[in-house]
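Thanks for coming, everyone. I have one model to show and a few local features to walk through. Here it is.

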Amino acid sequence: MAAVEVLLFVLMLVIIVVSLLSNGVVLICFLYNPQIRKQVPCVFTLNLTFCNLLLTVSNMPLTLVGLVNKAQPGSDTFCQLVGFSETFLTTNSMLSMAALSIDRWIAVVFPLRYHSRIRHRDAALVLGYTWIHSMSFSTAAACLSWVGYRPLYASCTLSDVTDNSQTPFVVFTVVFHSLTFLLSFLVLCVTYLKVLKVARFHCRRIDVITMQTLVLLVDIHPSVRERCLEEQKRRRQRATRKISTFIGTFMVCFAPYVITRIVELFPSVPIDHRWGVVSKCLAYSKAACDPFVYSLLRNQYKKTCGDIINRLLKPSSMNSMFRLMPGVVLLSKG
């Protein structure tokens, strides 16, 4: 293997390990904390977590095998099944992110009417649409024999295996990515930018109240005033940083792969196979980023992880204390 391929192998291995651990922690937090399970967005988060885990254990290792062996892993039927699952899981993941952004938009823009507008039943209906959407495209691709091994990405994915239906395959690919990647990206941009607008409006209101308070408190120490102003600045930056993370990770991870798939439709444009694998790795890396972007960096999940760790460490600390007890008793008797 060349040096670049070794780096890609290591990168893929790191993505698999991080994705397994992080998504596994999200699933454990969901099972441990009943408060997380009561929240409506947990339906989308759980669906996203399962999609990421299934993609990690089913597709990523086979891409790793394809990268090492430079050949199709398994038979044609097996490769078609793997390509079907990748199309379904990736599409479902993108739509789940869009659903989470819509939920956040309603919660921020209509906070008083959120619980009456969004319930578990409504979330289940939206989730049902994501499954129907994902299943329709993946089933159509499988039935039309547009799923197979693609050496450019070293994986089983969408591919015109027969080379007899180039125009229909081009139309299908463009429509598929438009109604999946592009649609999800537009939903993310519209909803999160509206959320950012509301967040900045509330920040300005808080800043006005804070400044009025500082003016009234004429005897306030300069250091306290400086800390208040610094907190205002951090509050404004925090909202922008969160929105940028949601949209930025989506674009950085998925855009190179989708653009490569579109450019690939033009035979006159050469694409290096190493770039194809890199774009595939970036798309896979979203499965490792999602747990941190949508779950693990939130205070509720941090607290749940802390409680789980404390519960795991408590028995061991008690056992060690009991082991020391006989020695303590003997010393006291002596």
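F172 is buried, at a relative accessible area of 12%. For the cut-offs, buried is under 20% relative accessible area, exposed is over 50%, and partly exposed is in between, with a 1.4 Å probe and protein chains only. W146 is buried too, at 5%.

Before going on, the ground rules. This is a predicted model, so local features need pLDDT of at least 70, side-chain atom pairs count only at pLDDT 80 or more, and totals for chains, interfaces and linings use all residues. Residues are numbered from 1 along each chain as its sequence is written, and side-chain values use heavy atoms, with hydrogens and water left out.

Now the aromatic pairs. Rings of Phe, Tyr and Trp (its six-membered ring) pair if their centres lie within 6.5 Å; planes under 30 degrees apart are stacked, over 60 edge-to-face, and the rest tilted. The whole structure has 13 such pairs. Take W105 and F110: centre to centre they are 5.7 Å apart, with 80° between the planes, an edge-to-face pair. W105 is partly exposed at 24%. F110 is partly exposed at 22%. Then W146 and F172: ring centres 5.3 Å apart, planes at 50°, so this pair is tilted. W146 sits in the loop between helix 7 (120–143) and strand 1 (147–150), and F172 in helix 8, so the pair ties together parts 26 residues apart in sequence. Helices (H or I, at least four residues) and strands (E, at least two) are DSSP runs, numbered from the N terminus. Ring pairs also link W146 and F172 with F137, F169 and F176 into a cluster.

Next, the cysteines. How many disulfides does a search of the whole structure find? One. The cut-off is a pair of cysteine sulfur atoms within 2.5 Å. C79 and C156 make the bond, with their sulfur atoms 1.9 Å apart. The angle about the S-S bond is -115°, and the link is left-handed. C79 lies in helix 5 (residues 76–109) and C156 in strand 2 (residues 155–158), so the bond ties together parts 77 residues apart in sequence. Buried or exposed, this C79? Buried, at 1% relative accessibility. C156 is buried as well, at 4%.

S93 is buried, at 4% relative accessibility. Leaving out residues up to four places away in sequence, S93 touches L48, C51 and N52. Contact here means heavy atoms within 4.5 Å.

Last, the largest pocket. A pocket is an open set of points on a 1 Å grid over the protein atoms alone, where a 1.4 Å probe fits, with protein on both sides within 12 Å along at least five of seven lines; lining residues have an atom within 4 Å of a point. The largest pocket holds about 800 Å³ of space. Its lining has 24 residues, with R104, K242, F246, V293 and R298 nearest the centre. Which elements give two or more residues to that lining? Helix 5, helix 8 (166–216), helix 9 (222–263), helix 10 (273–296) and helix 11 (299–333). Helix 9 gives the most, with six residues.

Technical notes
Grid points are joined across faces, edges and corners, and a volume is the space filled by probe spheres set on the points.
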